Amino acid sequence: MVKQSLMVQNQMKKNCLSRNKNSEQYIDIEGQRNLHVDRKLKANIRYREKELLGKRQVIDDDTFYDKDIVDKRKNYMRDYMQKRRKCSKFKLQEARAKKEARCENEYRQNERERELSAKRKCRKDQQYKKKELTEKRIKREDEQYKQNELSAKRMKRADMQCRNDERKRELTAKRIKREDEQYKQNELSAKRMKRADMQCRNNERKRELSAKRIKREDEQYKQNELSAKRMKRADMQCRNDERKRELTAKRIKREDEQYKQNELSAKRMKRADMQYRNDERKRELASKKFMRKNRIFRLKERLIELQSKRNARKNKLFLEAERLKKRELRKSKADKMCLRERESDKNRKINNRSIKSYKKKEKDIENIKKYGSNIMECIRIFHACTSSGPVYVCSVCHQTWFYDSVHKVVNIIKVDFKPGILTGLKSAEDKEWICRTCLSNVKNDKVPKVSVLNGMKWPDQPPELKLHPMEERVIALRIPFMQMRELPRGGQFCVKGNVINVPVDIQPTIKALPRQVDETCTIPVKLKKKMTYKKVDFTENIRPAVVLSALHWLMSTSELYKDSGVNIDNSWENTITRDCREIVQEFLSGNSTINNDRNGYHENTKNSSEEVNDQLIVNDKDAEDETGYESDHFSEIDSNENVTGNADTLLEDEALNTDKSYTFAPGEGQHPLSLFTDKDAEFLSFPTIYCGQRRLENKERLVPVHYSDIAKWELRSVDRRAARSVPNIFFKLKKIQLKQISDKVQLAVRRIKTKGKKITAAEARDQSTLDNIVRLDEGYYIFRQLRNSPAYLATKKKDVFAMIRQIGLPTWFMSLSSADTRWPFLLKALAKLDGKILSDSDIKNLSWQEKSSLVQKDPVTCSRIFNDRVQQFIKVFLKSPHEPIGVVTDYFYRVEFQQRGSPHIHMLVWIADAPKYQKDHNESIEQFVDQYITCSNEKEELSGLIDLQTHKHSKTCRKKGKAVCRFGFPLPPLRKTMLLEPLETDIDKHKKKYDEIQNKINSFKDGMNFSFDQFLNEIVGMSEDEYIKCIRSSINGPKVFLKRMPSEIRVNMYNEHVLMAWNANIDLQYVLDPYACAMYIVSYISKSQRGMSALMDRACKEARQGNMDIKKQVRHIGNHFLNSVEVSAQEASYLVLQMPLTKGSRDVIFINTSPPEERVFLLKQLSDLEELSPNSTDIHYQNIIARYSKRPRELVPCRLCITA
């Protein structure tokens, strides 16, 4: 049988050699091979074992088999045997054969080695390892098995080699086990329990020391031990562990006070040596530097440092000292270090934000920083945000901006500024700033279109052109005739109608002027439209010497004036020059008698016209006199606040003969020119602004600039020459509006309806065919893109209705008024832009007329500050987490301009979870209103603000011409807040009683110092239920009446925190139903344009009745609008600067859902039509529906970032 086995092995070896030559052939044969062995031999299990052993010996020879082949062979045999062992008969035979084979020692030794090798491999699997340990623990519960195991171990340990191997295995096993923190803790706990017994600890220590002493007697062992320690300490981890153990031991020893004192004494003695101290310091620094390479150590050190800093910062003195130290450090070191520190903080925050708790904490800190920890702090932050004004000047475009719109140039990294982009101009905080628009262009490698590099700069203004309004008009080659009026209460200006550009011949005027040597000598000048007219349009005193000097400068430097044909007497110039030198010499010799009292800030405060740059002012006193209500004493407004009109420009000499004046009509006989055909109209109309120079043409610029952008740049420029010229603001507005209307005329003829008919490009190019196409006649609604027109406001009103349909009824209706003369920050900003610095005490000492003069001179800054204040009020205050009026979800507001010219806001606000009328109980509505609205005048902290809420009757209060307040003041007192509905029975009876009550209440102008019960008994004389019925008889719909004491009958409702934040008059009302909401929208949002809408309707009818074509109709309606609209200076600033007149939290898009044949299409321009083939029907531009129909059928794969 053995012989047969050897034969089989030899045959296998030959087969393997042949298979090794061609592994691919072996792989194919291996899957199909059959061992051609006799079945009798196969039945002999012992033979099979020997056969397998022989195969393993062959396979173990690495040079004989490829590794891949060996692995495949092993896998094959393992699978094969597993399948065979599923048979119980085979399994039994195999077990019997193994038992017989184990009688041989060699077989048993080999099997043991195989088992150990297999177990080592299996124990790499933790699951198997745990299972094996569990089985051993179960076996050791048998005491006999345990004793046998111990005996076997003792016999093995008698062999030193075996003992060392076992020790190594135990240490290795313990290290692995100690990686489990739970095992480690259990082991330490057991050791501590043992060492708690002092006797046990001492014995253990003695044994260790005794063993070490014996071993150290051997010098070789001693050297090995030292070497081993050095090697261990080379490992930083080992050294750290050793250090920890030493520190732990020292801590325990230091609990003994005597040991602690001895240690300190020894350290002091050592540190007395400076060399030792330096070495110790170096070791500490080196150690820390090395340990900080470990990220975990750095994090731990950072956390300890932060915790210690937090504890220290609880002390305010430490916090302030730290702040001052950092500020000094940043000043002393380079800016790059600050940027590096900021970048490091940024990276650290990014890593920490992956932790939810840190992210939430950071959000809370951010909210506290942004909105404050309470509502009062939020108000303070809002006031701080709006305190600076547009005093930050961009170094690229030289425009003035607010703080939120600029960045410090030094803080901008990774941006390559081209040469000439930055001009080095510094403004606020003595820093160089750049606005967001310019920065965005620079980042995109573009030249900002309104930059100085692109030619946007003013010509230098010489001192000769520091002229007053009438002096400018005398030398201007164009007069922009406009009907300007002074508005009541503040003297701000408005313009009514269009601007007429009239060329003038200034030669007769210049010749008629007397030649005065003294610049302070003035003469009165009057301007008329025609000399035959009695009416004088503009009168003012001028300085002839200054006028002639300015004209001479223009004639010598301006190409526009050189071509005008004006002649100047040069001999007069020489005389003036000589006389001026004599005056200067006389002044230097001390004999001058010139009196100059006008160098202070309150210069010429008696004259309002010096601070007004206007062309034509009409004091519309007839509007005040036509009412004829002066005798009933209904108005309670102080008449001193009304501006009386223009006075003289300069103080007149008493000896001057004021009866003699010069009257001119420079525009008489001249034909007006179009603002578009006369390209130099603006430069010739305002020589003091443009110094007789033209702007650069677009072909001379790097980037073309539109006129609207130029107008915005000039009004926002740091040079305030254009912003302080009210006529120039009106001129820009009218020119822009003319351009918009002209565009609408061209657009109107291209808006067509095809009525389902296909029109080819050839037909569209034929004018006769175009005349037969149905065009859309929209009337004045074609001007819905013309801001502040009736059609524009009607569109916005529809947007509000769309919001109401989609998100429900608004909760609050809020009005916010402007307090130009009350806001110190506004007056400071106006003075600062004028080159003056005013303190708080200076602001308090200004009279009302002086404050009004500041506002009147710079309407651009006033309107910009108001717009910024509204935006910050919504963002910082209303939407803050402190919820001053509830959780604001949506809003819509409209900017309206009052009779005094200043803007105010009407706003609809939607509040989350607010009670709704007829859906919730009236009591819940009353509680909600009481939570946010009051009319109390008993709060001392609001004493100055309550006066703003106290109503005073004025002429605008009259109801249908009667001496009755149309706002319902005085309001009826009530014991509590009530939601009242109209009375249904006995209305006339109770209405009559209520009129009597109102007459009694109205006699108490300052309120009544009664309680509510005294009011009912002594004034009204009726029960409370009857009194409430009388109030209900006066209303036409449901209305909320606040809790009101008799002393508060003139106080309008307000929210305490809103009033403190806004610091001006406010109104806050609860919206009850859709009808009331619609009435609010109609009556407030478009109330200023009611008359204009009727006028535009009449213009549309006239155009249609006159059989005009579409182009003429649009031009006719546009002219009616421009000739009739009235615009204040601040409103003109809003329109020119394109600041939002309406704004909402939702965008509204109109989609025409009419049938295709009824939809309006925009015909392509002729240049585009000529490029099409004659039979092409693609003659109109695509609308939103066409673009939507051509959308991709599948979404383009992209990554979306969804935030909660």
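A residue is called buried when its relative accessible area is under 20%, and exposed when that value is over 50%, with partly exposed in between. Cys-1030 has 0% relative accessibility and therefore counts as buried. Cys-87, by contrast, has 40% relative accessibility, so it is classed as partly exposed. The model, which is predicted, holds 0 disulfides.

The interior may be considered next. In soluble globular proteins, nonpolar side chains tend to be buried together. Here the largest nonpolar core has 161 residues, and those with the most contacts inside it are Trp-812, Phe-873, Phe-877, Leu-878, Ile-885, Met-907 and Trp-1062. The element that gives the most to this core is helix α39 (residues 859–878), with 10 residues.

In strand β5 (residues 478–486), 8 of the 9 residues are buried, so the strand is largely enclosed by the rest of the structure. Strand β5 pairs with strand β6 (residues 493–503) in the antiparallel sense, over 8 bridges. Within this pairing, Ile-479 has Val-502 of β6 as its bridge partner. The hairpin formed by β5 and β6 has 6 residues between the strands, and Arg-489 takes a positive phi near 55° in this hairpin.

Positive phi values also occur in loops elsewhere. His-398, although not a glycine, has a positive phi of about 60°; its place is in the loop between β1 (392–393) and β2 (400–401). Asp-445 is likewise not a glycine and has a positive phi of about 60°. The loop that holds Asp-445 runs between α22 (436–443) and α23 (469–475). With 56% relative accessibility, Asp-445 lies over the 50% cut-off and so counts as exposed.

At the start of α13, a side-chain oxygen of Asp-218 reaches to within 3.2 Å of the backbone nitrogen of Gln-220.

Note on methods: Residues are numbered from 1 along each chain as its sequence is written. This is a predicted model: local features need pLDDT of at least 70, side-chain atom pairs count only at pLDDT 80 or more; totals for chains, interfaces and linings use all residues. Side-chain values use heavy atoms; hydrogens and water are left out. Buried means under 20% relative accessible area, exposed over 50%, partly exposed in between (1.4 Å probe, protein chains only). Helices (H or I, at least four residues) and strands (E, at least two) are DSSP runs, numbered from the N terminus. Two strands pair if DSSP finds at least two bridges between them. A nonpolar core is a set of buried Ala, Val, Leu, Ile, Met, Phe, Trp, Tyr and Cys residues joined through side-chain atoms within 4.5 Å. A polar contact is a pair of N or O atoms within 3.5 Å; within protein, one must be able to donate a hydrogen and the other to accept it, and residues adjacent in sequence count only if both atoms are side-chain atoms. A disulfide is a pair of cysteine sulfur atoms within 2.5 Å.
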